[in-house]
Amino acid sequence: MESNKTKMLYYLLQNNLISRHQHGFLSRHSTCTQLLECVNDWTMATNNLHCVDVAYIYFLKAFDSVCHYKLIYKLESFGFGGKLLAWIKGYLTNRTQCVKVGNSLSSLASVLSGVPQGSVLGPLINDLVDVFGNFLNVKLFADDVKVYVVIDDDAKVHVLQTGLDLLKKVVRYVATGPISS
């Protein structure tokens, strides 16, 4: 019998709801496949005597900071509902955790955000590709991101910085709300 995780991933992939640039959490995808795609692009660029500007980004605690109600909203907008969505809501809410050091346990603390890494919910954290549109290349592996641009004409010299500035605004907006310039 096919698991709910398998069915969910199939649905998400068939409906292009997981970016093709995501190499984490997916069958036949890995850090190696991500690296191979990048090296191929960069080799082609350098063979054509073009420069490549690259930025490596790591989002510290990205999976720990996912807002549960926004994730549920996202799942609903993707067409999930009924018992499966109710199960996911139950899975995410009323969670607790503690810390064990030696034989001692801390008191329980509520888990108010985040998704367990390795769960089917992990690949949904891939909206970053939308921030850059088509003007930058993006490769994802979980919360690690490579953003790059092939400089094949002078107009592209500032494209990477423009993308990073846009990302900074988006991250600040997500963290704090609307920004007044």
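Glu37 and Lys139 form a salt bridge in this predicted model. Their closest N and O atoms are 2.7 Å apart. Glu37 belongs to helix H2 (residues 31-47) and Lys139 to strand S6 (residues 137-141), so the contact ties together parts that are 102 residues apart in sequence. The two partners fall into separate accessibility classes. Glu37 is partly exposed, at 31% relative accessibility. Lys139 has a relative accessibility of 6% and counts as buried, because the cut-off for burial is under 20%.

The search of the whole structure returned 3 salt bridges. Another of them joins Glu76 to Lys89. Here the closest N and O atoms lie 3.9 Å apart. The pair links two helices: Glu76 sits in H3 (residues 68-77) and Lys89 in H4 (residues 82-92), so parts 13 residues apart in sequence are tied together. Glu76 is partly exposed, with a relative accessible area of 39%. Lys89 is also partly exposed, at 35%.

The remaining pair consists of Lys156 and Asp152. Their side chains meet in a salt bridge with an N to O distance of 3.1 Å. Lys156 is partly exposed, with 28% relative accessibility. For Asp152 the value is 39%, and this residue too counts as partly exposed.

Key: Residues are numbered from 1 along each chain as its sequence is written. This is a predicted model: local features need pLDDT of at least 70, side-chain atom pairs count only at pLDDT 80 or more; totals for chains, interfaces and linings use all residues. Side-chain values use heavy atoms; hydrogens and water are left out. A salt bridge is a side-chain nitrogen of Lys or Arg within 4 Å of a carboxyl oxygen of Asp or Glu. Helices (H or I, at least four residues) and strands (E, at least two) are DSSP runs, numbered from the N terminus. Buried means under 20% relative accessible area, exposed over 50%, partly exposed in between (1.4 Å probe, protein chains only).
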